[in-house]
Amino acid sequence: LRDPVAVARAKGLAAGAASLALALVLGQRLPHAAYVAPALALGFVSYGVSLVLAVEAMRLLGAAREAAFFAIAPFVGALAAVPLLGDHWNARELIAMLVLALGVVALLREQHAHTHTHPVLEHEHGHLHDEHHRHAHAPGERSSEPHAHVHRHEALTHTHAHRSDLHHRHRH
């Protein structure tokens, strides 16, 4: 499978089925029907959507940047626990949150400009028609923006401000 979303979907379904089977084998009873839909909705949002977004971010931003951004998830949960559960933070937690926030801001602001060459590349991903995506569409192929399809990038040498991303992974 080449589609990261399809891979995540397949792994999630397999893991869920295996967990359910194991629970039943170990004698666990199924929860009351009134709890199933809310539990599934919570799992879908808190785990399913976050996993799909993490896989997509890893593909677009690279593993290191994705990991740095994904690492804020526990802090978001801790932040939500204050009004929802009445939790309180101590000084060490506040300092950790500040350091994390500074790191995320540094990652978001990082960009540089220099002449660089993009090699020939053929791949599929969601995109807009921009400097890196100037191509024609086959008859019947979706061309509204954003859209996704297999497309080819010809070699391109240019200069512009950029971050390390799907199209800007190069040595300096």
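In which helix does Leu53 lie? The views below, taken from a predicted model, begin with this residue.

View 1. Leu53 belongs to helix α2, which comprises residues 33-61. Because its relative accessible area is 56%, Leu53 is classed as exposed, the cut-off for that class being over 50%. Together with Phe44, Val45 and Val49, Leu53 makes a nonpolar surface patch of about 390 Å².

**View 2. Arg59 in helix α2.** Arg59 is also part of helix α2. With a relative accessible area of 22%, Arg59 is partly exposed, since that class lies between the limits of 20% and 50%. Arg59 and Arg171 are 112 residues apart along the chain, and a distance of 18 Å separates their C-alpha atoms.

**View 3. Helix α4 and the residue that follows.** Helix α4 consists of 13 residues, 73-85. At 1.5 Å a residue, α4 should span 18 Å, and the 17 Å between its end C-alpha atoms agrees with this expectation. After α4 comes Gly86, which has a positive phi, near 75°.

View 4. His147 is located in strand β3, residues 147-153. Its relative accessible area is 2%, so His147 is buried, as the limit for that class is under 20%. A polar contact of 2.9 Å joins the side chains of His147 and His137. When neighbours within four places in sequence are left aside, the residues in contact with His147 are His125, Gly126, His127, His129, His135, His137 and Arg142.

How values were computed: Residues numbered from 1 in each chain as written. Predicted model: local features only at pLDDT ≥ 70, side-chain atom pairs only at ≥ 80, totals over all residues. Heavy atoms only, no water. Patch = residues over 30% accessible without salt bridge, like charges linked within 9 Å, V, L, I, M, F, W, Y side chains within 5 Å. Areas by Shrake-Rupley, 256 points an atom, 1.4 Å probe, with all protein chains shown as cover. Salt bridge = Lys/Arg side-chain N within 4 Å of Asp/Glu carboxyl O. Helix = DSSP H or I, 4+ residues; strand = E, 2+ residues; numbered from the N terminus. Buried < 20%, exposed > 50% of the residue type's maximum accessible area, 1.4 Å probe, protein only. Expected span 1.5 Å × (residues − 1). Polar contact = N/O pair within 3.5 Å; in protein donor to acceptor, adjacent residues only side chain to side chain. Contact = heavy atoms within 4.5 Å.
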